[in-house]
Every structure is written in structure tokens, then in C-alpha cells.
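Dear colleague,

Please find the structure for your review directly below. My notes on it come after the display.

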Amino acid sequence: MKKKQIFISVMTALLLVLGIGFSLSSNSQAATKSVAGLTTSKPIKYDKQKKEITILTTVNGTYLTQPTRHVIVNVDGSNGNKSLLKTEATPKAFYQDLKKVGAKAGNNLTAKSKAGSKIKGSSLAVYFLINGKRVKAEKAVQVNGKNVKNLDFKFGGNMTTNNKMKTGCVLCFDSCPVGIASGAKYGFQYGEHFTGKSSVLPKDGSQLAVVIKVK
Amino acid sequence: MTRLRILYNGVVIGILCALLAWQSTWLQMRISLGWLIPVVTVLVYCCYLFYGKHLQQNWAIFRFSETLIISAVSFLLLLAIYQWHPLSVVLGETVRELFNADWSLSVTAGSVFVLLIIWLLVLVLDSYRHPVPKLNQGDQITKLTLQSKISLGVTIGFIILLIAGYYFIPGYRHFIDTVSVMLAKLDIKALRNYIAGFGIWGPLISTFLMVFQSILAPLPAFVLTFANAYLYGWLFGAALSWFSAMLGALLCFYIARGIGRPFAEKIVTKKALAKMDGFFNEYGDYTIIVLRLLPFVSFDEVSYGAGFTDMKVGKFLIATGIGQLPATIVYSFVGGSLGGSKLMLFMALIAVILLVVVSLFVRKILQKRQAKKKTGVPNDQV
């Protein structure tokens, strides 16, 4: 009986510690606000005149120390926790908005494409809105621990594969047959070699607006 | 409370597996590695349910001392691979991914650490209140029993993990390569800078390095003793080297004991083991002390050798502690004087020579005493 009591009190104490820790954590994360006119319920917008799309994302601090190949992934996708930035925006909404602002999809890659093949489509410039200023995506990441000048993002399209795979991939660092847009600087299957810079990007859990401009 | 201890071990081993798996980006990108924690915990618990009832006592690996060793080795290994900040980030992500939550990484990792520490403290209290009785025949297993088969399995599994990790975990391979080159080249300065690079975690890393070099017998330990004294001063350096060498010796002893006599007899023949027994019988309890005193006898081979005999762990630890003390102090004195004056260096050199002479002299006396015991002939006639 005595052992049972000790066991129950220990488990209660442990659950209490966990509960306090996680509730504190949830509170700090739950405080969402409007960023660049976007909220979690309306996470994406487009401007036809400026040929721009803005997406509301959340920084995943894991990839400020660990490598990934995913820039932005929808939270409900199977890769929802594997990207530098998470978003409520769906790949479909991003695809449709890119079409609306006049971008042309490359649709040249499939899962069977040769390793090293590069994505085609309209060229895109990607900016992160940090403290009200636009910072080029290339300034905020490192490839194998080194700075990179131009990731050469393109509108790959890939809507059919994206619907089929359900990965949630919106934007990838290297050429990808699934992501709606991806970087042509590095070919298909280049892999997980991209890390966010903690000196440039806000901390884990912060909201960040990303602007994608059709060149 | 035994169940609580087993669950704790399961969780710690699960966390270790999950965080080691992070080293494979291919794996990390494809599955939620957090699931490894409950899966491994259930596996460990099932092992206990299956084997626990068949054994004479509780499964040795789940006694409190082993629990503490598992926790310390896991923590040091992960710290050496990741360093502090990335370790807390990866731990936090592993747990929050498991729950698909948006918790802060630092709070999540902090909560897990606090939880494990509280859990461990409860186990400490329990181990004092209800100590697990020792195995009746655990130290003298000469036939393959279920107990020795499990020990053999666990030990071989541990060794395979160590070797496989080298080929599949880039961070671990880099660490092993870097450290091995420094130790083999006797590069004290490079080793000092490497340990110093870990900041306040330096002593922990140094301990881990000493344990690592203990397992790989050909690597010399005195380079690390020099580096410790060079970094932390001769007194603290000596204490650190002494403590970590004890841990290393204990691990070697347990590896040998885990492999066990029945299996060792098949590999190195009964005759060879009998010869080793004879050597230990000849010098009695002084064997370890004498061998430790001699600077030219491999520290690690002695530990492995002792593990194959029926020597008790307590006696082995006391003998190791006493035997390695003079050499540790002298080497630390040399290490501490590396950045100092020529007089200090000269004194250190004299101390080394003295150590060798005294140890040879002690060996001679003990040999004579042993011979006297055997034949009953007075000392001066031997």
C-alpha cells in the first residue's frame, strides 16, 4: 500500500512539472497577432500589381541548429515539423495565388527524375520580413555551414504530385518535384544541408511574414 | 519501485536512441523520431517482464548503480555529439514533435530534464530505503546461465552499437577520429585546446574521453592526465583524471564480466584464462595495485583481465584507486608544470624516475613475500 502511494505521488509530481512547463510554453506560443495584415486564419495574400504573395509563417528553431531542405511547409502535411518555417497556408492556395499574379509553372521534375536535375518555371525572389525590413532569404540561411549568394527560386508547379504526396511542401531549398516552388541553384536530391541563421532570423515560435515576388 | 526504475531506464535509453537517430538526416526527415522513446520504453519493460521472473534477482542492469551509469554515459555521449544548445533544441523538438505541439523548445527540453532529475532523485531515495540484494552467484558464473547469456547479449549489443555508430553517425565518427589522432600523436596541446573548447563542460568531456580511451586499450591515458593538469592545475587535474580513470576501469571490468567466463573460455581458451587466474592467485589482492603502479603495463588490459577472474567489484575498485594514485599524481605534476618553470619540469622528471624505481622495488618485495608464503623459506634465502 505504501509503495503504491509513493508511486502515485511521484507520477503526480512528474505530471505537475510537465503540466506547468508545457502550459507556460503554450501560453507564450499562443499569443498570436496580425503580421503584415495576415493572421493564422488568413495566412496568405497576394498583390497582383506588385506580383507579390505574402505568407504568414512560424519559425521552427530546430533548424537554426540542424539541417533541413524545407523552407516552408504546411503544418498539416507529413513534413509539417521538418521545415525552417511552418505555415497554415496550404500548397494549393500558394499555387493558385502564384498563377493569379502571372507566374508560369515549370512542371519539369518527377520523383523519377535524374538526381541533380534542376527545377524550371518563373523566377522568384524570396524575402523575410524582419523588424519591418525585407531580408533576402539567402541572407538568412547557410548551406553546409557556408553563406550562399543566390538560391535561384523557381515556380516549379508540381500541384498533381503535391496533392498525391500530402507532404504540405510549399517552398524548398533545393530543386524539388513536390514543393510548389524550390531553389534551382541546387539540383534534385541535393538533400538536407540548409540551416537557418539564428543571428538573422527571429527565435523559435516567432511569427514571420515571407514575401515571394515574381521577377 | 522496481517498475519505476525500469520505466526510467526505458525512457533514458529511448531518448538516447531517438537523439542518436537525429544524426541520420535521412531518417529524421522521414519519421517522427520521438516515437522511439515510447517504443524503446515498452521494449525494455517487456524484456523485464520476460526475463525478470527467470532471474535469481532483479536484472542487474536495472539496479540503481547501473541506472546511474546508463544516465551519465547517455548524457555525456549526447553532449559530446551535440554540445549543450543543439542538444536542448533537438531534445525539445523530439518531444514536441511526438505530441505535435507548438511548445517552446527550451521549456520543453527543460521540463524533460527536470522530470528526469526528479525521477532519478526518487530512485536514489528508494535505493537507500530498499537496496536490491546482490546476486548470490553473480560474480562466479562458470556455466552459461540465463543471467550470463543476457549479460553477454547486452555487452555484445553495446559493443556493436559503439562500432555501428562509428559508421552511421557522422558526428560520432568525427569525434572518435579527432580524439584518436590527438591521443595517438601524444598531442597534449591539441587535446587541451579541444577540451577547453567545451567551456564549463570541459571536465565532463575529459571524463568521457578517459572512458573512451579505456575501452580502446592501445590509446595512452597519460596524455589526457597531462592535458587535465595543464588545463585545470595539477590538483584538480589529478582528481579529475583519477575519478575518470576509475570510471573507465569499471567499464572495462564490466565489459569483460559481461562477456563472461564461459564465452571467454571459448575464445581465448581455458588454458589462457587459467594462466591469468594463476597470476592473480600468485599476487593475491595486491595484483591490481602492483600492475597499476607499473607505468609500462597497460591500464586497460589489467581491467579487462580482472573482469575475467572471480575478483569482486569492490576489491577491484579499491585496488585500482590505490594503485593508480601515485602515477596520476606524478603525471599531473608533470602536466601542471608544462607551462611553468624549468625547475618544476626538473622536479617532475625526478618524480617520474622515482615512481618507476619505487614501483619496481615494491614489485620485488611482493614477489619475495609471495615466494616466502609458498615455500616457507626466509626472505634472505630467496
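The notes below take the conventions and then each chain in turn.

This is a predicted model, in which local features need pLDDT of at least 70, side-chain atom pairs count only at pLDDT 80 or more, and totals for chains, interfaces and linings use all residues. Residues are numbered from 1 along each chain as its sequence is written, while chains are lettered from A and ligands numbered from 1 in the order in which they are written.

Chain A

Chain A contains three helices and 13 strands; helices (H or I, at least four residues) and strands (E, at least two) are DSSP runs, numbered from the N terminus. Of its 215 residues, 45% count as buried. A residue is buried if 20 or more other C-beta atoms lie within 10 Å of its own, exposed if 12 or fewer, and partly exposed in between, with C-beta atoms placed from the backbone. Two residues are in contact if their C-beta atoms, placed from the backbone, lie within 7 Å. Among contacts in chain A between residues at least 6 apart in sequence, 66% join residues at least 24 apart.

Strand β4 (residues 83-87) of chain A has five of its five residues buried, so it is largely enclosed by the rest of the structure. Two strands pair if DSSP finds at least two bridges between them. On this basis β4(A) is joined to β2 (residues 52-59) of chain A by three bridges, and the two run antiparallel; here Thr57(A) has Thr87(A) as its bridge partner. With β3 (residues 70-74) of chain A, β4(A) pairs in the parallel sense over four bridges, and Ile72(A) stands opposite Leu85(A).

An open sheet of three strands has the order β8-β7-β12 in chain A, with antiparallel pairing. Its edge strands, each pairing on one side only, are β8 (146-147) and β12 (194-196) of chain A. Strand β7 (residues 141-143) of chain A is connected to β12(A) by three bridges, and Val141(A) faces Gly196(A) in β12(A).

In helix α2 (residues 91-100) of chain A, the buried residues are Pro91(A), Ala93(A), Phe94(A), Tyr95(A), Asp97(A) and Leu98(A). The elements covering them include β1 (44-47), β2, β3 and α3 (159-165) of chain A. Just after α2(A), Gly102(A) takes a positive phi of about 95°.

Most residues other than glycine have a negative phi. Lys51(A), which is not a glycine, has a positive phi of about 55°. Lys51(A) is located in the loop between β1 and β2 of chain A, and it counts as partly exposed because it has 19 C-beta neighbours inside 10 Å.

Chain B

The secondary structure of chain B consists of 18 helices and zero strands. Buried residues account for 37% of the 382 residues in chain B. Among contacts in chain B between residues at least 6 apart in sequence, 73% join residues at least 24 apart.

A nonpolar core is a set of buried Ala, Val, Leu, Ile, Met, Phe, Trp, Tyr and Cys residues joined through C-beta atoms within 7 Å. The largest nonpolar core has 76 residues, of which Leu19(B), Val223(B), Phe226(B) and Ala227(B) touch the most other members. Helix α12 (residues 234-259) of chain B gives the most to this core, with eleven residues. The core also draws at least three residues from each of domain 1 (2-136) and domain 2 (157-381) of chain B, the domain bounds coming from an automatic or database domain assignment. Apart from this core lies another, of 48 residues, among them Tyr95(A), Tyr127(A), Ile180(A) and Tyr186(A).

Helix α16 (residues 299-308) of chain B has nine of its ten residues buried, so it is largely enclosed by the rest of the structure. Among those buried are Phe299(B), Tyr304(B) and Phe308(B).

The axes of helix α5 (residues 84-98) and helix α6 (residues 105-129) of chain B come within 8 Å and cross at roughly 90°. Axes are lines fitted to C-alpha atoms, for helices over the stretch in contact, and angles run from 0 to 180 degrees between N-to-C directions.

Gln83(B) lies in the loop between α4 (64-82) and α5 of chain B, and its phi is near 70°, a positive value in a residue other than glycine. Gln83(B) is partly exposed, with 17 other C-beta atoms within 10 Å.

With kind regards
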